[in-house]
Amino acid sequence: MNNLAKFTIGIFFTLGMAWLAFVVGARSQFGDLVPTSEVLDDDGLVPEDAELFPVAISGMAKQGAEEYAALGCVTCHTQQVRRVEAGFDVERGWGKRPSAPRDYVLQEHVLLGNSRIGPDLANVGLRNYSDEWLHQHLFEPQSIFPSSLCPPSPFLYQQIDEPVITDIKIVSNEVTKETRYVRPTVRANRLVAYLQALKQDYELPEVSFVETEDVSVEEEDVVSTDVSTVSVSAPKWLQDQIDTGKEIYMKASPGGGMCFACHQQNGEGLAGQFPPLAGSDWVLGSKERLIKISMYGLMGEIEVNGVKYNNVMAPPGIPPGSLTDDQIANVLTYIRNDWGNSASAVSAEEVATVRASLKGRAPMQMFTSAELTTPIQ
Amino acid sequence: MSDDSKQIGNLPNDKGFSDEDIVKSHVELSKTKHEPTANFLLAPLVFVFVFGCLIFVCSIQLSHSTNSFQLHPPVEIVELSAEEKESLRLDRKISSGEKIFAARCASCHQTNGLGIEGQFPPLAGSEWVSADSAVIANVILKGLKGEIMVKGKKYGTSAAVNMAAVPINDREIANVSTYVRQAWGNDSTEVFEDEVSRLRDESSDMQDQWIGSELRKMFSDSFSQ
Amino acid sequence: MPADSPDKVIDRSAKLVFSFFLSSAGLWLLTAALLAYVAAAKLTDPFFLASYEFLTYGKIKVAQANAFVYGWGGNSIFAVSLWILARLSQAEVRGSVFLVVAGVIWNLAITFGLLGIMDGHMSGHEMLEMPTEVWPAMLISYLIITFLALVIHRSRQVRETIAPQWFILAALLWFPALFLIAWNGLEINPARGTLQTVLSMWYGQSLVWLWLTPVALGAAYYLIPAILGRTIDKYYLAIFGFWCIAALAPWSVVHHLEGGPVPMWIPAVGTVMSIAMVFPIAVASTNFHATAFLDIGKVWDSLPLRFVIFGTLSYTVSSYIGVVFSLPAVAKITQFTIINEFHFNQRVYGFFSMIIFGAVYFALPRITGREIPKAAKSFHFWTSTLGVLMLLLAYLIGGLTHGVLAGQPSLPWSSSVIQTIQPYFLITKFAFIILAFSQFVFVVNVWRVIFPNPFVYFSANNKEASV
């Protein structure tokens, strides 16, 4: 104690022991975790061609992670589902299973958090919140949950006086009960993309889904929100077309197009299989091309938003290719005006004109990309 | 320590417990033993006792809760018999096949396997599905063209299913074929990946799709209808 | 009393440095108080200043913690450590100019760090949220100060060392080690996945246990004998207490990861070591309180000692409560609740700050030669006590409520769990107002003797006999 050198060595020795355990030791134990398949084969190895989890988030979602870190959301939100014996997280429906160390290996910022003034967010992407709902929550949480303590983030949005179809409607829960329309900035879109990407919906060899009994959560005092993205300024004929088109898109019985089966309800398609319709250059582009596909289908390799797809698309309709001119016009108008898309409507006359020009083409003779070389309108 | 050390340190006179005195007296305390007392000193014993209890409690807690310093939390190890393992493997294969079917086949053949009359043949109860496993594997590998009869009805007047354009690997073909052969009341054998690989090699020279009638002839023994 | 008694010489040599660090500390204390108020106000009314992005709750809370620990904590540690080491070494403070320059760099680094946080460049590591650009400046300035502190210690008259010196030296030396380990593992050579969290938590909690705590303990080990005029009772235990804290505290801090996505042994070992910490806590508690209660009247009369004993009592209570919270059965309820705020505030305010206040009130009159009126110090004491107790009670009861309600899966989150604890946030808002006021009183008390104006000088000349 009296010799400064010995004292210093002593106190660094004791600190060093803990360092060896929690920094060096822990690192050697799980510093090299890599994504793995949901199940291992009999030899304990990853099967060939198996999908590996976790999957890295990319693009908007990755930028959203930066926003999340910069805004300090970790101050009130955790991103970890605790083991069943250690907490109520799985019971509360905050995840299908406890979180494992492997779930976080691809994250640049690991923001586990240690305070829950807000709910856990590890699986917020699984809770079926639409993008609109998330935007409303970010702009003014109290418009959805009156007792929420989440800070409003109006600086992520532009307030709009003359709203268009894609703007988001907020019904403020303050005393004034005013209605506002806001447009998300790029930052807000990034943040929402990140939140939607937060999910631990895969199993791992070391942890599988937990069976829980259905706990019915009492109805939150949620102010009923109008999550429609359509604004009051759309003319009635357009609104009717969009509404009818949406019905056709979502219908799986005769009279419908069953489009959702492949392109999904959110227009996102399926990576590698079915191209997205949201933000798609094909959907927002040539109407004639869309009409032709709607009548005859599409096959072979195409490129959508720079990504290649190679599949077979039967012409929509049940049976395939059976949609009338009206129905085609409506469903095309719908896909051109939802999920952030905003493009001109398609009329039944335009469809009829294209149909006339294709007289003599055998039914079910699907188009290929090469045939559809109409320049983008 | 003199009596006037009892005085609280006052301004500006620091007589009392000066820093020098503090240091010296505490150093003394560390060195010298206490004066003899009548009874034993209680305090050290109390601390030894506390220390001992803590060691005991801590050891128990340590052995209890560290999960033997393993990386992953404890999983219930269920020893499966060979049959159980086999059935689990088959379940997983069929489950994978179901996902593939839903993604790539259901748009035409429908999730209920009934197809669309006149357009896409059904798979439920189809003699093509329950024939030799090579039939379904070949169709997925290369596609099919020409008129065929399925369950007494005609299909495929002109449209060609261009399966070669659809990226699908041998394992996926094996999985989805097994699924189709065992769904909707179908009850046929499993399709194996090596078999699919062999068929792929054998048909690697083929540029076009299989002609339906020819494929049927090749495996006519296995067709039930 | 000769004018050049050794103590006077030492005090004179320390005057510039002490005054500088204490003034900075006071400013940071007020800054942190303002940020704490804004944060608490936002929890009672989320729309308060909501349109200003740089003030959003997530940033303000983090800025407040960093301002408090590095700004107030850092500067007051520098002031108190240098002075106590100088007094116990009976050696002068050397290199005052370097110390002040280093202090300026430290303060500038933290200022830029906080501005960086509010501008959206948080790093996401616990207690290291300031952008990495300011870290080198912090480290360099800290090393300069520590070096000069060691210089003082090396020129000590008596070779043997006593408890205050062990604790203070250890704290000064541990900080750069912790900082460098964290810097390496989080930024230079970052670990993947939840390893980051383990290291982050280890650093953030060790900052409190191995930096703030030992300085306060060392100050208490000095002030109690100095004021009471008697040696520490059962002093022979102190060395065990010190080495147990050195050995156990860096292990115990990870118990907060219970149930999380890390191997089970990490929080388990943390809990075990936390339980083992009962021993050094008992040692320190015995040392302080057995000594103090021998002469409780004197403790009350002496304002500095009042603060110190309040601090040591808080240390004991908060540490034992901390042990209880580390048990998995309890952690299941209290984890992630505002009980963490209770624990944190009891340690950094109820314990650390109160002892620093006591040390400052003891040292300042000796250093500046000017006395602070007893009424002023007493007023500070009572407002502090009121604010702290109000804050802690609100967080404690609120936290338990938070935990119990959160543990019932059928209760919806915001309309049930959060709505029920909202009144407690309101109480904390008022507590922070009272605390801010008491801190303002402290700063005024301090500045009046550091920067006297003629009016104050004349009234201070009355020299009320007060300590």
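**Exercise 1. The sheet in chain A**

Find the strand order of the open three-stranded sheet in chain A of this predicted model, and explain which strands stand at its edges.

*Solution.* 
- Start with the order: the strands run β5-β4-β6 in chain A, and the pairing is mixed.
- Next, count partners. β5 (307–313) and β6 (367–368) of chain A each have a single partner strand, so one side of each is left without a neighbour in the sheet.
- Now take the β4–β6 pair. Strand β4 (residues 298–304) of chain A is joined to β6(A) by two bridges, and the two run parallel.

**Exercise 2. A helix in chain C**

Compare the span of helix α3 (residues 96–118) of chain C with the expected value, then inspect what follows the helix.

*Solution.* 
- Helix α3 of chain C holds 23 residues.
- At 1.5 Å a residue, 33 Å is expected.
- From first C-alpha to last, α3(C) reaches 33 Å, close to that expectation.
- After α3(C) comes C:Gly120, with a positive phi near 95°.

**Exercise 3. Nonpolar cores**

Identify the residues that touch the most other members of the largest nonpolar core, and trace the contacts of C:Tyr203.

*Solution.* 
- The largest core has 212 residues; A:Phe22, C:Tyr70, C:Trp72, C:Trp202, C:Tyr203 and C:Trp211 touch the most other members.
- Helix α6 (residues 195–228) of chain C gives the most to this core: 24 residues.
- Set aside neighbours within four places in sequence. C:Tyr203 is then in contact with residues including C:Tyr70, C:Glu126, C:Met127, C:Phe175 and C:Phe179.
- Another core lies apart from the largest one. This other core has 34 residues, among them A:Tyr296, A:Tyr309, A:Tyr334 and A:Leu358.

How values were computed. Residues numbered from 1 in each chain as written. Chains lettered and ligands numbered in written order. Predicted model: local features only at pLDDT ≥ 70, side-chain atom pairs only at ≥ 80, totals over all residues. Heavy atoms only, no water. Pairing = 2+ DSSP bridges. Helix = DSSP H or I, 4+ residues; strand = E, 2+ residues; numbered from the N terminus. Expected span 1.5 Å × (residues − 1). Core = buried A, V, L, I, M, F, W, Y, C linked by side-chain atoms within 4.5 Å. Buried < 20%, exposed > 50% of the residue type's maximum accessible area, 1.4 Å probe, protein only. Contact = heavy atoms within 4.5 Å.
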